[in-house]
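Subject: Structure handover

Hello,

Here is the structure for your files. My notes on it come after the coordinates.

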Amino acid sequence: MLQTLFYIPDRLFGLPVFGVPGILFAIWAVGALIAMARQVYRYGLTVDAGGLAVLLAFLGAVLVLFLPSLLEHRDPSNPEALGLPIRGYGVMVLIGVISAVALAIHRARQRGVDPEIIISLALWLFVGGMLGARAFYVIEYWRTQFYRVDAASNFDLIGTLSGVLNIAKGGLVIYGALIGGAASSLYFLLKFRLPVLRLADIAAPSMVLGLAIGRIGCFFNGCCFGGACDLPWAVQFPERSPPYERQLEQGQLYLHGLAFNGRADEHGAVVAAVKPGSAAAVAGVRPGDQIREISVQPPGDAKPRMIFPRVDTRQTPSGLSRTTIETLGAAEEALLGATGEGARVTLRLVDRPEPVQWTITADDEPPTRSLSVHPTQLYSAIDAGLLCLLLLAFDPLRRREGEVFALMLGVHAIARFLLESIRTDEPKAYLGMSISQFLSVIMLVAAAVFWLYLLSRPAIKRRELPAAPT
């Protein structure tokens, strides 16, 4: 896991990097002028020129309005910024896109297709795919990850948008990318009356190549993880990673001898299990106990300090108070912070008049890593890489335009369904399947229908592709 590769500093040579004026803004302005001048010079004032202008304006707005809000600081009380974090996930997605476009251009040239068509198609596919992938993820996790409120319990538009636009930190759904990318690409192809099936065949290997590289980014980020296993190639993720936090929620990890059951109510966090022989077990904590307060007294301190609960009564869209939703997470966060051998922990429990106390020992320190899990991100990367090779090998054997794309749909749907069976990051809420498994079934049916359609078409007739649209 390598979520952050490095930081772009807030200032270079004494000049601001972000905002207006800023080095990035100046680079964007020069690049935008050159790109627009080139587009107008080659094709004139067409619809594509207007689309490029909108895209460049959007990128400029991101640079000016949102990138500064993503700067990270050493701590909340220190105004000095570490800079803009460059995430491993975002870098791998970018490398995947560049590699996919390069492969598509190479294959297009082999077939006598103008590379400008591929570049234009890639732009539409990328924008539509990213919007679809992010929209799918935001809709799925809106209440738990993106909805923000300010101190007055009002909807925080800027904070919410900052979270939505922070794609480099992770949060893209492949099926959302397929839907968004397919819609935008189909619009482009039909608008300029280009051969949809031939270009789909050219793009298919590139799509899974980009997916293979992007899945390595998922491994860097820790998302899309699998279930616990003891295989020789199983991996462990560090503290506070997505697998670690999920295992805490499911009561698979002990914090100072306590495990939680993934739910909380207005009384507090519920203890799911107590590690036998731990200091907490000896002190008398039992499964089913509800924690009202947690206090810790480090060695040498005169009195304990209460570290739980975190008081917050703001309302969420579901009508539940933020206190109820965050109680369990706050309890786990408190226990994660209660470190140091010899520190004294005090719990006040519901229905127990007397507090429960114990002293932290070396054996009860919180785990620094998750339980071993399937590296499903790498499974997916290998699967997509092999599928790319399969499509390239099948391409010379195709008898009809569209067969390479149809093969990709069918094989990917089957592989994704099987991989989802060992992933644990999505709930099985759709007829006993995860949302990705449910969509895999739909995709497999669509692939079968598509194959039937292709078999009714005549065999390939060689013809020249029209020149780039103007």
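The notes below go from the whole chain to single residues.

This is a predicted model, in which local features need pLDDT of at least 70, side-chain atom pairs count only at pLDDT 80 or more, and totals for chains, interfaces and linings use all residues. Residues are numbered from 1 along each chain as its sequence is written, and side-chain values use heavy atoms, with hydrogens and water left out.

Overall

The protein has 14 helices and eleven strands; helices (H or I, at least four residues) and strands (E, at least two) are DSSP runs, numbered from the N terminus. Of its 470 residues, 44% are buried. Buried stands for under 20% relative accessible area, exposed for over 50%, and partly exposed for what lies in between (1.4 Å probe, protein chains only). The accessible surface is about 24,000 Å², and carbon and sulfur atoms account for 64% of that. Accessible areas come from the Shrake-Rupley method with a 1.4 Å probe, and for residues only the protein chains shown count as cover. Taking contacts between residues at least 6 apart in sequence, 67% join residues at least 24 apart, where contact means heavy atoms within 4.5 Å.

Cysteines

A disulfide is taken as a pair of cysteine sulfur atoms within 2.5 Å, and by this rule the count is zero. Cys218 is in no disulfide, its nearest cysteine sulfur being that of Cys224 at 3.9 Å. Cys223 is likewise in no disulfide, and the nearest cysteine sulfur to it is also that of Cys224, 3.9 Å away. Cys218 counts as buried because its relative accessibility is 4%; Cys223, at 14%, is buried as well.

Cys224 itself sits in the loop between helix H8 (196-221) and helix H9 (242-249). With a relative accessible area of 10%, Cys224 is buried.

Positive phi

Most residues other than glycine have a negative phi. Cys224 has a positive phi, near 55°. His256 also has a positive value, near 50°. The loop between H9 and strand S6 (258-265) holds His256, which is buried at 0% relative accessibility.

Ser372

Which residues does Ser372 touch, leaving aside its neighbours within four places in sequence? They are Gly227, Ala228, Cys229, Ala234, Val235 and Gln236. Ser372 and Ala228 are 144 residues apart in sequence, yet their C-alpha atoms are 5.5 Å apart in space. Ser372 belongs to the loop between strand S11 (356-359) and helix H12 (376-394), and it is partly exposed at 24% relative accessibility.

Helix H13 (residues 403-420) has 18 residues and spans 26 Å from its first C-alpha to its last, close to the 26 Å expected at 1.5 Å a residue. The expected span is 1.5 Å times one less than the number of residues. H13 is mostly covered, with 14 of its 18 residues buried.

Ile414, Phe417, Leu418, Val441, Leu444, Val445 and Val449 form a nonpolar surface patch of about 580 Å². Patches are made of residues with over 30% relative accessible area and no salt bridge, like charges being joined within 9 Å and nonpolar side chains (Val, Leu, Ile, Met, Phe, Trp, Tyr) within 5 Å. A salt bridge is a side-chain nitrogen of Lys or Arg within 4 Å of a carboxyl oxygen of Asp or Glu. H13 and helix H14 (435-455) are the elements that give two or more residues to the nonpolar patch. H14 gives the most, with four residues.

Regards
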